[in-house]
Amino acid sequence: VALLVGLGCSGTGSSCGGLTPYPAGTRYMGPKNDNAVNIRVSPQGINYLNTNWRTLIEAFAPGQLLQVPVACTVQNVAVLGDVVIADQGSGTPVSGRQNGSCTSADAPANVQVQVQGFSLVPRSPDTLEATVTVRINTGAIYFATVDESLAICSFFSGVKGNVSFDSARNSPNTTNRMRAQIKFSIDQRFDKLLAFEVTSIDGTEICGASGAPGQPDCIDPGDLDIDGDNNCGNVWLTAANWGPIKNTVLRLISGPLQDQIKKAVGGQSCAACQTAADCPPRTDGNSAAVTCTDNVCMSGGKCAPRFLGIEGKLSLASLLGSFGAPPDAELELSLAAGATAQVNTGLNFGTRVGIKPAMVSSCVPPQAEPPMTAVNFPDFDGEATPGSGYHVGLGISSNFLNNAFWAAQQGGALCLNLSTENVGLINSGLFSTFLPSLGKLVTRDGKDAPMMVVLRPARPPTVVIGEGTYDPVTKKPIKPLLLLTMADLSIDFYAMLDDRQVRLFTLTADISLPLSLIFEGCDKVTPALGDVRMLIANIRTGNSELLAEDPQVLADLVPAVIGLAEPALASGLSGFSLPTLGEFKLKVNEAKGVGRIAGTDAFNHLGIYATLMGVND
């Protein structure tokens, strides 16, 4: 449950929800498991994203606007020879404009690309096709010949002019349409993390060029205007609207435009760095170096994939400290997209997940980590409620939940102290009704003595995922979504005797916690407990020498004590918010077991079905 709370954080670099990111250059080093947490975006989810493309594109192009710089460069043009393109100078009045050379004064020409439409189409088995409709406006891009003594321009200091492209100029072709193929893969070099790249871009070719598609899937030279800026330019350019210059400038626009689109996506895909220490190590046994090149982690000519997830230390004391959880109780957690990337009618993404206690607490005996056997990706579509039209399926495997509860128990999160301070009912007066000798032992001047009940789980809890039905009025589970079993839970009873806490007796039992999940608002999830007192077995007593009562009388106290602990347990299972997905959040429709284990009533995954909403809705 602590892990699920941690999932309320998204991204890295700041502390949230009790999760503190690792310092730069430090990362999770424990074992990991494939497909512990799984996400599917359904065909209905793809349709929703296409309908709400402005929200989606905001992550790549804020304000739906891309800025494409065209740097000053020298190109050879027929008849004119070497021509300086984007000979812009640095201001108004321009210093150094059209001086026939590229200098530090020549700021890049700024081409504006306004996104006016966007859609996604899945292409099995691994590609997502993104189609974008844009309006391109270059503004004036200035140029000048290097040779000022051209025969065609004697006495005129060469040819000087400017060119501008506006896709709305040659109506009705007011826009350009481009298609980018985004390929997903699993990078075996780096911990099987999710990688993606733009493999091709169509629509930036010049109309009429060999192999170019027709309008609006190409850049139309008719949307280009060219003017002279000196007498020779007026003669040779304005009158002729010269094709060689047009094609040269369009080629200069086309290349940077493709690069900018790839950079916009690549910036989301590649691991960023300041130094090589910021880069992840190779995990495939290859000793190839990982370098920080132009602020991108590179190895073998390809960038290292960006870590798309959360990683750090999750403080359990911040969640349960008020009930006596040790202050050093914390988990180390790593959760990132990886292991599985599949494209069919929708998108399937798995994760690489690791979780372990930062240290084994002194309040529990060390226990070996349970095996984390990978399970198949859930069949979200096949097990969705008919007609639900869900957008996103989120699955958490039972194997991973068992590993998470092992880590929580070993980290001390379940070592709880319930005392008079945090549960006012706990005092000697409450228990002396059942244990007369207790009153004689600890009552002073007719006053009840403070008491403390200490829970010590000797073995890690185990969890079974069920159907997830519950009473809609009481919210109590009918067929619990989660049945958490705590075997060998020891409960020590202490009382204040002569100014110190003295242990009176110990009860040990096997206890089961039936849980349901209640959804509130758009993305709030709150675990709800069933009646714990109905699921107590194998009660044993010990350390009761101070009391005169029969041990069986002590055993009868267990349901009452667990009843007192329920509010503390419920508080520890406080609500959390589901993680956002970029610019979107999830509205949960249902939660249930997915992937029934043959011959049982248990399931392989806890499945959550949700619809998408904008983060500001």
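**Reading the fold**

A: Among contacts in the protein between residues at least 6 apart in sequence, 69% join residues at least 24 apart. Keep in mind that this is a predicted model.

Q: How many helices and strands does the protein have?
A: There are twelve helices and 32 strands.

Q: What share of the 617 residues is buried?
A: A residue counts as buried when its relative accessible area is under 20%. By that cut-off, buried residues are 50% of the protein. The accessible surface comes to about 26,500 Å², and carbon and sulfur atoms hold 52% of that surface.

Q: Which residues touch the most other members of the largest nonpolar core?
A: The general idea is that nonpolar side chains tend to be buried together in soluble globular proteins. Here the largest nonpolar core has 128 residues, and Phe505 and Leu606 touch the most other members. Strand β27 (residues 501-520) gives nine residues to this core, the most of any element. Leaving aside residues up to four places away in sequence, the contacts of Leu606 include Leu394, Ile396, Leu401, Ile465 and Leu517. Gly395 and Lys592 are also among the residues that Leu606 touches. A second core is separate and has seven residues, among them Phe190, Ala271, Val290 and Cys297.

Q: Which residues of helix α2 are buried?
A: An α-helix has 3.6 residues a turn, so residues three or four places apart point the same way. Helix α2 covers residues 43-51, and its buried residues are Gly45, Ile46, Tyr48, Leu49 and Asn50. The elements that cover them include β3 (37-41), α3 (53-57) and β7 (109-123). Strands β19 (347-357), β31 (584-596) and β32 (603-614) are also part of that cover.

Q: In what order do the strands of the open sheet with β14 stand?
A: Strands of a sheet pair through backbone hydrogen bonds, either parallel or antiparallel. In this sheet the order is β14-β15-β16, and the pairing is antiparallel. β14 (291-293) and β16 (302-303) each have a single partner strand, so one side of each is left without a neighbour in the sheet. Three bridges join β14 to strand β15 (residues 296-299). In one of these pairings, Thr293 has Val296 in β15 as its bridge partner.

Q: How many bridges join β8 to β11, and how many join β11 to β12?
A: Strand β8 (residues 127-137) runs antiparallel to strand β11 (residues 176-187), with eight bridges between them. Thr127 is opposite Lys183 in β11. β11 also pairs with strand β12 (residues 193-202), antiparallel and over nine bridges. Gln181 is opposite Ser200 in β12. β11 and β12 form a hairpin with five residues between them, and in the turn Asp191 has a positive phi of about 60 degrees.

Q: Which residues form a nonpolar patch on the surface?
A: Val464, Leu483 and Leu535 form such a patch, with about 210 Å² of accessible area together. Leu535 lies in the loop between β28 (524-529) and β29 (536-542). Its relative accessibility is 36%, so Leu535 counts as partly exposed.

Q: Where is Pro69 in the chain, and how far is Pro69 from Ala86 in space?
A: Pro69 is in strand β4 (residues 65-70). Pro69 is partly exposed, at a relative accessible area of 43%. Pro69 and Ala86 are 17 residues apart in sequence, and their C-alpha atoms are 9.9 Å apart.

How values were computed
Residues are numbered from 1 along each chain as its sequence is written. This is a predicted model: local features need pLDDT of at least 70, side-chain atom pairs count only at pLDDT 80 or more; totals for chains, interfaces and linings use all residues. Side-chain values use heavy atoms; hydrogens and water are left out. Buried means under 20% relative accessible area, exposed over 50%, partly exposed in between (1.4 Å probe, protein chains only). Helices (H or I, at least four residues) and strands (E, at least two) are DSSP runs, numbered from the N terminus. Contact means heavy atoms within 4.5 Å. A nonpolar core is a set of buried Ala, Val, Leu, Ile, Met, Phe, Trp, Tyr and Cys residues joined through side-chain atoms within 4.5 Å. Patches are made of residues with over 30% relative accessible area and no salt bridge: like charges are joined within 9 Å, nonpolar side chains (Val, Leu, Ile, Met, Phe, Trp, Tyr) within 5 Å. Accessible areas come from the Shrake-Rupley method with a 1.4 Å probe; for residues, only the protein chains shown count as cover. A salt bridge is a side-chain nitrogen of Lys or Arg within 4 Å of a carboxyl oxygen of Asp or Glu. Two strands pair if DSSP finds at least two bridges between them.
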